[in-house]
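Welcome! Please take a moment with the sequence and the 3D view, and then let us walk through them together.

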Amino acid sequence: MAALSEAAVRQIEEICDRYQDTATPLIMILSDIQNEFGYVPPEVQEVVSRKTGISPAKIYGVVTFYSFFSLEPNGKYVIGCCLGTACYVKGAQKVIDRFSQLLGIEPGQTTPDGMFTLDALRCIGACGIAPAVSVNGKVYPKITEADVPGIIEEYRTREAEGGATA
Amino acid sequence: MGFMTIDGRRVEFTDEPNILAVIRKAGIDIPTLCYHSKLSVYGACRLCTCEYDNGRTFSSCSEKPADGLVIYTNTPRLINYRRTILELMLASHDRDCTTCLRSGECELQNLARRLSVKEVRFENYRRHLPVDSSSPSIVRDPNKCILCGDCVRMCENVQKVSAIDIANRGMKAIVTPAFGKNLGESDCVNCGQCRVVCPTSAISIHSAVSLVMKELADPDTYVVAQVAPAVRVAIGDMLGLNHGDNNMGKLVAVLHRLGFDEVYDTTYGADLTVMEEAAEFLERIRSHGTLPLFTSCCPAWVKFCEDRYPELFDNLSTCRSPQAMFGAVIRQYYREHRDQMKCKRRLVSVSIMPCTAKKAEILRPESHTFGEQDIDYVLTTTEISAMIERTGYRFDQIEPEAPDVPFGVGSGGGVIFGVTGGVTEAVLRRITAGRSRQDMEAIKSSGVRGRDGIKEFTVNYEGHELRIAVVSGLANADTVMQRVRSGEVHYDLIEVMACPSGCINGGGQPVGTVKSSTDQRIAGLYKADVNYQIQRSNDNPLVIALYDGMLKGREHTLLHRNFSHKR
């Protein structure tokens, strides 16, 4: 575990201070950290614990309960496969399995080059276009197994051409 | 206040916090696995589900009683629900009942029997997870866990330690210290209260039974035991005797049979603690030293204080605990008397305790003297019961025997150490000039007794008003510490025991379906006190003899911790 820089510790403490007057501030603090740092590793949780007096075990429980929080940095492109009921019955499991196979990672993991993170999402409210896949917020409708290589290729090509974000 | 109709019968309710309590008052033992009256309501196990007359179901632990309610507790539909819930729990449980150490005393097993669950229709989806035996006190086996959350709430609500919580979700949910670490690396203070409320063996005692059995069988060892006060009033629980009875005599006899060469009474160690702690207290008052003085008998409290209130470390008494003082004295005695012993066997010092934290205490620096660890093993009440059961010695039939000399005599002041307020009461007996029955009665009724988690009272000592707080449960201790730190309150002496009501409810005591009540255990100890000829520790002739002999000039080396600040 790398030690945090003083600046990072100050930033985390500043985030904690934003919610001083909130009765149950933990989720707000953690989501600000997730948004600003991209992940909430143990050493950051320790700082939040010291600052708020909430035990590390409880904070770890919250971070691991909500899929929005991650303990490790996400890849540059976060691929979210919806596995909600509608997507699932339309074959979303096959779609996510194909991503898994082509990227060589399990859902929740990030490729070693830091390019892709694969996430299994519960319903994203796009049941009309099931199965749905989102990449950094851009939604791809009615995806089949056969579409998967194309989506990956799209972002690989974009990287090769200069790496503009989606 | 009002009336409810439960299964067609009118039941009055008054201040019951929830419908479940009313149902139980009406003589119906609705099953639960996550409900404890001392903990916050969680509503996780759903076994207490009942039905309103309109057919709507609800969990009775989390609904308030109301006048005119009509409810049913045992319709075929509800029985079916409860059995299905148990089946689902069993589908993720390892079900190795025959080889499980809680077999026969397991609440899950007991409910499966009560509800006649004869088969589990669901596929077993248990993952094999590693067992965590990193702590010297507690073993966690997640394969036995049913996620009732009792341990988590005990650790958080009652002890304010919060070393564990539920992490992950769904089928991957697990009770764990932060970041998936082992318990040995966490903030755990080893009190074992999580194990007291665990309905299964997901949390159990880190057993030393096999190691001690091996030492007993070794012809080259000389094995001595010391038995703590709270053990004698709980040992009968698992062995079929009356709850709360003082079974010290039988225990001594059975320990001799098991092969212990000498059996001593930790009450003697407690008497030494009274002498030292009273002296330290008076000295701090005289010299305007650091006050309030915190007692240091309870290793879970000492660790809590070190971790959470390092700035108050100097308030902790420098006295070792009774176990540790006695451990040092026993080892020193055998160092000096080796030649007089019949043979020169290796000394093995075992202590028999109600407490899981004592297992961690013997490893600490203040439990070492002249570079040697004073005590080799700690066995809890539960472990010694298991040893007795294993051998088949009939505890109910065995004739009582007296503990051995020279450390077999304790005082009443020593024996009440096992209950909250006992240390304070014994110290007050020590510093009071009078020794009459009236003097003892006055101390008894000063406010020192009773089950309240925080007791505050004053006692007059040579013109001083001594302000005293007696605390049990670490959440209560935390409240008092915050008030002390902020200067809101001023005390001269604070006694803290980590476990609610003291050592009688220690983490190593019998639990589950067999255990006696707190009141029975407390009554047992106070009865033992009355039966001692000597009430005050300083009147114990064997204590006086030790101070005049072996201890002369060595009080500090043997009876106090020899380091200042841990950090």
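A word on domains before we start: the bounds used here come from an automatic or database domain assignment. Please also keep in mind that this is a predicted model.

**The domains**

With that in mind, chain B is assigned domain 1 (2–74), domain 2 (90–205) and domain 3 (210–559). Chain A is given domain 1 (6–65) and domain 2 (77–160).

| Domain pair | Distance between C-alpha centres |
|---|---|
| domain 1 of chain A and domain 2 of chain A | 29 Å |
| domain 1 of chain B and domain 2 of chain B | 26 Å |

Within chain B, the contact between these two domains draws 10 residues from domain 1 of chain B and 14 residues from domain 2 of chain B. On the side of domain 1 of chain B, seven of the residues touching domain 2 of chain B are nonpolar, two are polar and one is charged.

**Where the chains touch**

How many residues does each chain bring to the contact between chain A and chain B? Chain B supplies 11 residues and chain A supplies nine residues. On the chain B side, the largest share, four residues, belongs to strand β7 (residues 164–167) of chain B. Sorted by class, the chain B side that touches chain A holds seven nonpolar, two polar and two charged residues.

**A hairpin in chain B**

Strand β7(B) has a partner to look at next. β7(B) and β8(B) run antiparallel and are joined by four bridges, with I166(B) standing opposite V175(B) in β8(B). Six residues lie between the strands of this hairpin, and N168(B) takes a positive phi near 65 degrees there.

In a regular strand, side chains alternate between the two faces of the sheet. In strand β8 (residues 174–177) of chain B, I174(B) and T176(B) point one way while V175(B) and P177(B) point the other way, and all are buried.

What does A498(B) touch, leaving aside residues up to four places away in sequence? Its contacts are Q159(B), V189(B), C191(B), C298(B), A300(B), W301(B), F304(B) and L474(B).

Key:
Residues numbered from 1 in each chain as written. Chains lettered and ligands numbered in written order. Predicted model: local features only at pLDDT ≥ 70, side-chain atom pairs only at ≥ 80, totals over all residues. Contact = placed C-beta atoms within 7 Å. Helix = DSSP H or I, 4+ residues; strand = E, 2+ residues; numbered from the N terminus. Nonpolar A, V, L, I, M, F, W, Y, C, P; charged D, E, K, R; others polar. Buried ≥ 20, exposed ≤ 12 C-beta atoms within 10 Å, placed from the backbone. Pairing = 2+ DSSP bridges.
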